[in-house]
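Student: I would like to learn how to read aromatic ring pairs in a model. Where do we begin?

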Amino acid sequence: MRALDLAIIAIFLVGTPILGILLSGKQRSSNDYFVGSRKVPWWAVTFSVVATETSTLTVLSVPTVAYLGNITYLQLAIGYLIGRVIVAFVLLPKYYAGGFVSAYGFLGKRFGGGLQGTASVTFLVTRLLADGVRLFATAIPVKLVLDGLGLDVSYWVVIAAIALVAVIYTYFGGIRAVIWVDVVQMSIYVLGAIAAIFVLAGRLPSGWFGDLADAGKFQLFEFGSDIVTDHYAFITAVVGGALFAMASHGADQLMVQRLLACRNVRESQKAVIASGFVVFFQFAVFLLVGAMLFSFYGGQSIDALGLANPDDLFPRFILEELPVGLSGILIAGILSAAMSTISSSLNSLSTSTIADLYERFTKKKMSDAVMLKQARIWTVIWAVVFVVFASMFTSTDTPVVELGLSIASYTYGALLGAFFLGMIVKKARQTDAIIAFVCTVVVAAVFVLGVTFTVDGEAVGLAFPWYVPLGVLVTLVVGGLLSLRHSGSDPHATELEKEEEEPA
């Protein structure tokens, strides 16, 4: 690793938390800390949403998907856009009408505190696992850099160092610091990826684009494949992607908290829909990088390249092939993206802990000052837990982006299903919803861990985009059947409808 690259990385490691704190301003209340007093511009929220959901996994793993296959991954982005439009006009108005700082406040209002707590705990566990994958993914290029310097540092040490930097500006700056750093880091890694494309284009033989097209690398749609087990079959990717986006951006506190930081529901709607178009562009950029790497390395297998992990592919190119300076910028962008992603999780985890769980279990009414103090304390606690969870993923043969999406899909079906149950089935009570929620998690576990299908003589599991639709279906069926025991609408549903009808 060259001195200039190392200097750039060091500047980013030191400068990111400082920048986050300076941009966030003073945190005077818990409302500042949780939702930025709802004064964040919609375009900044758009970039924050995109950076949080696609940061490290996009930079490292999406190129690997194209290298090993083609660009059918983009079909998921089509579904993501559809799902975001539905979130914009169905769920966001309800959150703003209720004045919630947590997505699960709606479930508490509709059903009661029991389901709100259940959903929040599910979110906490899912976020730790899914973003534990993201944090580990960031440690990959850092470990390669350190190895190149002759330093044998364990993955968990790298993970702990990244988390420490992230927790500093999250602790002091709250959601505003997280959002504004997201804007900066997204600009860095996207521009770095575009620069990598230009570098690759200058080093590939003439006719490389046509050769890749002939090799099927630019195949976008996949219509004739098995929709049950193929992750990127058209129906699977679009339908599953739409419901996944509805869950991730409408029922996951990580994204909802950002959208609730906008000035009003109209700006929040613009932010979430615009993010869908930006995500499509980002996926296209990193898939193009992967296809070009296939040409650059002559289509060699991961083993033939001497890589221990498929997601080492792009980091190796960054470290060994990019010009001095640009290599450091891209590594710094990956680190900054990771810190932003982890800080996003830390802020949303602390928000959900305080807003959904703390008062319920302590049975103490907190003043705003105490709430702000507790939010910061829980930010630190979750950072420590994060390091432990991230260290669980230091050995995997699956592209990390697919692993992360699979983990998130595991519980998203139950979360999104609970929201739909509350909106559609007016008779459903809290007990019905909790039973349906638990049943959905159990069914998902059975399908993820125990159900396989025989394809070409091999046993394969259900494609991960179907996890969320399956979960939503189970929740609605079980909850709907249980609601038939009741003669009238749930009083909680009636009260919520009255509140939503009242003028703001």
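Tutor: This is a predicted model. Begin with one side chain: Phe-218 is partly exposed, because its relative accessible area of 21% is not under the 20% that buried requires.

Student: What describes a pair of aromatic rings?

Tutor: A pair of aromatic rings is described by the distance of the centres and the angle of the planes. In this model the count comes to 21 aromatic pairs. One of them joins Phe-209 and Phe-218, with 4.6 Å centre to centre and 25° between the planes, and that pair is stacked.

Student: Is Phe-209 buried, partly exposed or exposed?

Tutor: Phe-209 is partly exposed, at a relative accessible area of 47%.

Student: Why is the pair of Phe-221 and Phe-223 called stacked?

Tutor: The planes of Phe-221 and Phe-223 are at 20°, and an angle under 30 degrees counts as stacked. Their ring centres are 5.6 Å apart. Phe-221 is partly exposed at 36% relative accessibility, whereas Phe-223, at 60%, is exposed.

Student: Which residues do ring pairs link into a cluster?

Tutor: The cluster consists of Tyr-73, Tyr-80, Tyr-232, Phe-244, Phe-283 and Tyr-412.

Student: Which charged residues lie over the face of a ring?

Tutor: Here the distance to read is the one from the ring centre. Arg-110 lies over the face of Phe-111, at 4.3 Å from the ring centre. Lys-217 lies over the face of Phe-294, and there the distance from the ring centre is 4.0 Å.

Technical notes
Residues numbered from 1 in each chain as written. Predicted model: local features only at pLDDT ≥ 70, side-chain atom pairs only at ≥ 80, totals over all residues. Heavy atoms only, no water. Phe/Tyr/Trp six-rings, centres within 6.5 Å; stacked < 30°, edge-to-face > 60°. Buried < 20%, exposed > 50% of the residue type's maximum accessible area, 1.4 Å probe, protein only. Lys NZ or Arg CZ within 6 Å of the ring centre and 35° of its normal.
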